[in-house]
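Look at the structure below and follow the chains one part at a time.

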4 protein chains.
Amino acid sequence: MYSLTVTPKFGDIDGLGHVNNTVMPGWFEQARNPIYRYFNPEFKFDNWNLILARYEVDFVAQLYFDQDVEIRTFISKIGRSSFEVHQEAWQGEKLCTKGRTVLVHFDFNEQRSVAIPDDIRVTMAEHLVSGEN
Amino acid sequence: MYSLTVTPKFGDIDGLGHVNNTVMPGWFEQARNPIYRYFNPEFKFDNWNLILARYEVDFVAQLYFDQDVEIRTFISKIGRSSFEVHQEAWQGEKLCTKGRTVLVHFDFNEQRSVAIPDDIRVTMAEHLVSGEN
Amino acid sequence: MYSLTVTPKFGDIDGLGHVNNTVMPGWFEQARNPIYRYFNPEFKFDNWNLILARYEVDFVAQLYFDQDVEIRTFISKIGRSSFEVHQEAWQGEKLCTKGRTVLVHFDFNEQRSVAIPDDIRVTMAEHLVSGEN
Amino acid sequence: MYSLTVTPKFGDIDGLGHVNNTVMPGWFEQARNPIYRYFNPEFKFDNWNLILARYEVDFVAQLYFDQDVEIRTFISKIGRSSFEVHQEAWQGEKLCTKGRTVLVHFDFNEQRSVAIPDDIRVTMAEHLVSGEN
């Protein structure tokens, strides 16, 4: 599990007084940086090799301005060339948002998916959760 | 069906040269304004009565900087208090992104869901699609 | 003068009920697309030749959710290699925000500023305003 | 001086491979949270008493994806009802962006500026810098 602490910005809060739904994919993306590092240790875009295929976000409880948020990031599925990341946003003791993102190991030059290398597969397995909240 | 034309901004494009995934929920939110008007004709936050419960986004093809994007918005399901919005982002002749958002008619004071009024139900039915892309 | 109409998104509105200050640079950027086209007709990033050096934004009046916003874009100064864009956000009859952005014609390979070509200089002069609001 | 560490997100990077200019006002806003706390210790919007009047941002050097950014925040001027915040974004040993934001202590009900209370004035003075980078 990876943990990232995010401080809400004034402008993340919408007219209803809680974090707007459109903010979450950005927080989840930020929290996936360690996973992006597996595939792109130098964070260079020239040879970037991941593509985001899909995400789902469930808004379970409201997030507010006055407290930091912890984003917890897990690997929830490892396929041949694709994998799934499960993420949770917690504020205080409360699970507020859940996300599930499907990423594909991808060769942009040949425009096709590529099998996940074995060494990355091993590293990802250490962060794998079978069940889920 | 509602149609909204969006012009990509320079900053919507990420290091891979296409519209970043985190941009889409904002475009889809903007395109749902006509539906928000059903429930909140004056767009005031004091008595706002909708809450977003969940969304899913599928990234089918890449969106680029050099061409406007059309967001098409449909109602895809009408329940007792909740409903589902199906959305598509098209660039040129190409379907690039699909979204599905679940919204709930909600009483924030009493913190509970409320049945969708009949007149709104009728209006929504006019934008209903049964199948889907 | 260039005119762009922007529809505020739900999430553009912050906890005070008006468009958050951080939204404006994005709207202004979007409205500068026609100017970016002078220098980069095909909107490709490989040979992009503009760099943003500075901007200032003045928040004169609040912008609200319930009405479209018109962004008016002018050229306010033309130098040897740099130029200035003056922009205004109007809602209804009201001037709400003013922006001033300095851009430089730039060679990224050689990392140095380059004189603005004469044909672009002529086109820009057509959108030049001398005074200002 | 206040220090905040920000981790760039994949989507903060634009087609030129560096942090897009529109990202900075959000990072600077986030880094001003400790100053907002002076005036609004509970971070509630009902009695919020600050309004942002103006900002300027200077882009001195490019910010990249692969390294955290430190935002340094100072008070640079204290007036009767308004004050100025000077901010800097550093990546590694390099000053990359500078910001200057004018905020006004404001009574939203009466729609007028209000003198900054003496106790806040004292606290702010501890973070005051006279010169500037």
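In this predicted model, strand 4 and strand 5 of chain D make a hairpin with two residues between them. One residue in the turn, D:Gly92, has a positive phi of about 60°. Strand 4 covers residues 82-91 of chain D, and its pairing with strand 5 is antiparallel, over ten bridges. To find one point of this pairing, look for D:Ser82, whose bridge partner in strand 5 is D:Val104.

Strand 5 of chain D also pairs with strand 6, residues 112-113 of chain D, again in the antiparallel sense, but over two bridges. Here D:Phe106 stands opposite D:Ser113 of strand 6. These two strands form a hairpin as well, with four residues between them. In that turn D:Gln111 has a positive phi of about 50°.

Strand 2 of chain D is another partner of strand 5. Nine bridges join strand 2 (residues 50-59) to strand 5 (residues 94-107), and the two run antiparallel. Within this pairing, D:Asp58 has D:Lys98 of strand 5 as its bridge partner. On strands in general, side chains alternate between the two faces of the sheet when the strand is regular.

Now turn to chain A and its overall layout. How many helices and strands does chain A have? Chain A has three helices and six strands, and along the sequence they follow the pattern β-α-α-β-β-β-β-β-α. The radius of gyration of chain A is 16 Å, close to the 14 Å that the globule rule gives for 133 residues, so chain A is as compact as a globular protein of that length. Taken along the principal axes, the box filled by its C-alpha atoms is roughly 45 × 30 × 25 Å. Of the contacts in chain A with a separation of 6 or more, 68% are between residues 24 or more positions apart.

Is helix 1 of chain A mostly covered or mostly exposed? Buried residues make up 41% of the 133 residues in chain A, and helix 1 (residues 24-31) is mostly covered, with eight of its eight residues buried. Among them are A:Met24, A:Trp27, A:Phe28 and A:Ala31.

Leaving out residues up to four places away in sequence, A:Trp27 touches A:Val6, A:Ile71 and A:Ala89. In the largest nonpolar core, which has 58 residues, A:Trp27 and B:Trp27 have the most contacts inside it. A second, separate core has 57 residues, including C:Trp27, D:Trp27, D:Cys96 and D:Leu103. As a general background, nonpolar side chains tend to be buried together in soluble globular proteins.

The last topic is how chains A and B meet. There, 17 residues of chain B are in contact with 17 residues of chain A. On the chain B side, helix 1 (24-31) and strand 2 (50-59) are the elements that give two or more residues. Strand 2 of chain B gives the most, with eight residues. Sorted by class, this side has nine nonpolar, four polar and four charged residues.

Which residue of strand 2 of chain B is the bridge partner of A:Glu56? The partner is B:Glu56.

Notes
Residues numbered from 1 in each chain as written. Chains lettered and ligands numbered in written order. Predicted model: local features only at pLDDT ≥ 70, side-chain atom pairs only at ≥ 80, totals over all residues. Rg over C-alpha atoms; globule rule 2.2 N^0.38 Å. Buried ≥ 20, exposed ≤ 12 C-beta atoms within 10 Å, placed from the backbone. Contact = placed C-beta atoms within 7 Å. Core = buried A, V, L, I, M, F, W, Y, C linked by C-beta atoms within 7 Å. Nonpolar A, V, L, I, M, F, W, Y, C, P; charged D, E, K, R; others polar. Pairing = 2+ DSSP bridges.
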